[in-house]
Amino acid sequence: MSLGRVLRNATLAVLALTWLVPTWLLVVNALVPATSYSGSPHWLPQDFGLFDNMSQAWDKAHLGPALGNSLLYAVVSAVAAAVLAGLAAFATVIMPVGRQAVWFWVIYSGTLLPLQVFLRPLFLSYAHTSLYDTQLGLVLIYTAIAVPFAFFVLRNYALTLPREVVEAARIDGASWWRVFWQIHVPLTRSAMIAVFVFQFVAVWNDLMFGITMVTSRNIRPVMAALADLQGNYSNVGPPVVLAGALLVSLPTVVLFFSAQRFFVSSLKIHR
Amino acid sequence: MSTSLTSLTDRRPPSAAGGPTAPRRATPAGRSRHTVRERLVAGGFLAPSVVLVALFLLAPFVWTVYRSFFGDSRTSPFSWFDNYALFASDPALARSVQNTLLWVVGTVALPFVLGLAIACMTDAGRFSRLVRLCVVLPYALSGSAVAVVWNFMLTTDGAVNQVLTTLGLDSLAQGWLLTWPGNTLVMILANAWQATGVAVILFLVGLQSIPPETLEAGALDGASGWQQFRHIVLPQLRPVSIIVIGMSLVNGLKSFDLIWVLTQGGPGRATETLAVSMYNETFLELRPGAGAAIAVVLTVIVLAASWLYLRRQLDVKGV
């Protein structure tokens, strides 16, 4: 083996280990039973208290409703954003719409602005319209935030499609609505899934709107609950907090590794 | 849909988007009758997205810009640029700007360099898949979960201090999150731990799109490994590099979760970035005018940063 290769493998091994340490400690210490946690981090697993810790975290941070809420928010807003943005992308690319550039910028501009800009006006108007602290309110915000980027991805994808299929269907007398659902959506399926996965993760991981637009424990999303649990770090103990973090991360980790292909394709479309 | 009836009787090819360039066009008379209807339908397709974005994103944006010109005393008088002047007079905001600059440098440089290095080293090789998995794994975690993990690493009786004490380096053990600028720097490292994964993925995609012939040609001409990398690989990674830099830059500017869960911007207000300061001023200090001004400044910076890679995207796609 050449010196270069030895050096490369050594560097890689060091990097991989460095990266693995926090993940390893997360898992190992989430396994340690909370009662036998000695006050300093464990490096090797001993006993199996994971499920106890998770159930403690579940009770302390009211994770049950939070997980249900986040599932609702993530699924509904990601689907709604994919469909609405898909319709808009279809309209601007396939249908005879005037001033396409204007419509593009009106919708796309939303994704360029930092979320902080929307926060207080939305907070105030929600307080006035009783959307504050409701599930509908959060779904609306998450959908609105997801639409611009979804539109961008789906529009770019639609631009690459051959027009002949749609034109043939139109000549055969299919309505735009039918063309969209029966021809366009199946053709853009992979981009739609990429958008769904991307937005699902974004909504699931959101913290800022979760702590701003919500106060009740049975409305708040899961990351707000985790932040709350972390706030009680010294009371509940590290194993419980880590087990909670592990529990709320499982859905996105599983989704990420089962849909990595779509992640990569959504990132590539981002170009 | 009611439109299906009319379109059944209408056997003309649709006048394609972008009118003038469309190869086939309807006759002018038929076209006007046709297009009014068509445009209504197209409007219906566009409306939900446009209304949502206008109502939930653009209107609040305009309102925030407007609010930033009004003061925070009880009557909220019009105050010109007083809220923006806070950047010069308020030490907490000056610190926040400093931190934001640190974050920008750190979130661009670290994932870029580490991502490029790891992608190049794991492009081929036996245990490279395993290495890649280790690095990409944290990318699947949320900012809040990353904060929980790193709090465990960095608290006074956390893993980092434990290791230092075990190695006999007690003097180096410290409250990592308590003193500036160390606390900001370790959070930037935590962010790099999470964000490098996506850079690795993107660089691998870029590396795989390099035709092997160019490398073979370089090798035949006697280019060394480093020369090949410098003069063949690197130039061809330019498009991907721009995406990685642009993405990390914007994500770094917008990052909120990690800081909020780890330190809430404290101790004092030492670890705030602009994204966190806006939240603090608005909702904790109850100075919405100042918060609005910070949000506007953040927007300007984010827009300028986006321009870096947007320019390319829009050139290619041609709006």
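**Entry 1: helix α1 of chain A**

I started with the buried residues of α1(A), and I found A:L12, A:A16, A:W19, A:P22, A:L25, A:L26, A:N29, A:A30 and A:L31 on that list. A note to myself before going on: this is a predicted model.

Next I checked the length of α1(A). The helix has 29 residues, and at 1.5 Å a residue these should span 42 Å.

Then I looked for a bend. Where does α1(A) have its kink? I found a kink of about 35 degrees at A:V21, shortly before the proline A:P22. A:P22 is also one of the buried residues of α1(A).

**Entry 2: the two domains of chain A**

I looked up how chain A is divided. The domain assignment gives domain 1 at residues 3-53 and domain 2 at residues 61-270. Their C-alpha centres lie 33 Å apart. The contact between them takes nine residues from domain 1 of chain A and eight residues from domain 2 of chain A.

Which helices supply the domain 1 side? I noted that α1 (3-31) and α2 (50-60) of chain A each give at least two residues to the side that touches domain 2 of chain A. The largest share, three residues, comes from α1(A), the helix of my first entry. I also sorted that side of domain 1 of chain A by residue type, and it divides into six nonpolar, three polar and no charged.

**Entry 3: UniProt on chain A**

I turned to the record. An unreviewed UniProt entry puts "transmembrane region" on residues 12-32, 71-94, 101-119, 139-158, 179-204 and 240-264 of chain A. I checked two of these spans against the model. Residues 12-32 of chain A are 95% helix and 0% strand, with end C-alpha atoms 30 Å apart. Residues 101-119 of chain A come out at 63% helix and 0% strand, and their end C-alpha atoms lie 28 Å apart.

The unreviewed entry also places the feature "domain: ABC transmembrane type-1" at residues 67-259 of chain A. I found that stretch to be 79% helix and 0% strand, and the end C-alpha atoms are 21 Å apart.

**Entry 4: one residue in chain A**

I picked A:F123, which lies in helix α5 (residues 116-129) of chain A. Why does A:F123 count as partly exposed? It has 17 other C-beta atoms within 10 Å, and a residue needs 20 or more to be buried and 12 or fewer to be exposed, so 17 falls in between.

Leaving out residues up to four places away in sequence, I saw A:F123 touching A:T212 and A:M213. I also looked at A:S216, which is 93 residues from A:F123 along the chain, and the two C-alpha atoms are separated by 15 Å.

**Entry 5: chain B overall**

I counted the elements of chain B and got 14 helices and zero strands. Of the 319 residues in chain B, 43% are buried. I then looked at contacts in chain B with a separation of 6 or more, and 66% of them join residues 24 or more positions apart.

Chain B is divided too, into domain 1 (26-67) and domain 2 (86-317). Their C-alpha centres lie 38 Å apart.

For chain B, UniProt (unreviewed entry) lists "transmembrane region" at residues 40-63, 101-121, 133-153, 185-207, 240-262 and 290-310. I checked residues 133-153 of chain B, which are 71% helix and 0% strand, with end C-alpha atoms 21 Å apart. Residues 185-207 of chain B are 100% helix and 0% strand, and there the end C-alpha atoms lie 30 Å apart.

**Entry 6: one residue in chain B**

Is B:N83 buried or exposed? I found B:N83 in helix α3 (residues 82-89) of chain B, and it counts as buried because it has 25 C-beta neighbours inside 10 Å. Setting aside neighbours within four places in sequence, B:N83 is in contact with B:S68, B:G289, B:A290, B:A292 and B:A293.

**Entry 7: where the chains meet**

Last, I looked between the chains. How many residues of chain B are in contact with chain A? I got 84 residues of chain B, in contact with 87 residues of chain A. Helix α2 (residues 28-67) of chain B gives the largest share of the chain B side, 18 residues. That side of chain B divides into 58 nonpolar, 20 polar and six charged residues.

Note on methods. Residues numbered from 1 in each chain as written. Chains lettered and ligands numbered in written order. Predicted model: local features only at pLDDT ≥ 70, side-chain atom pairs only at ≥ 80, totals over all residues. UniProt positions renumbered as here; feature names shortened; annotations may be inferred. Helix = DSSP H or I, 4+ residues; strand = E, 2+ residues; numbered from the N terminus. Contact = placed C-beta atoms within 7 Å. Domains from an automatic or database assignment. Nonpolar A, V, L, I, M, F, W, Y, C, P; charged D, E, K, R; others polar. Expected span 1.5 Å × (residues − 1). Bend = angle between axes of the 7 residues up to and from the residue.
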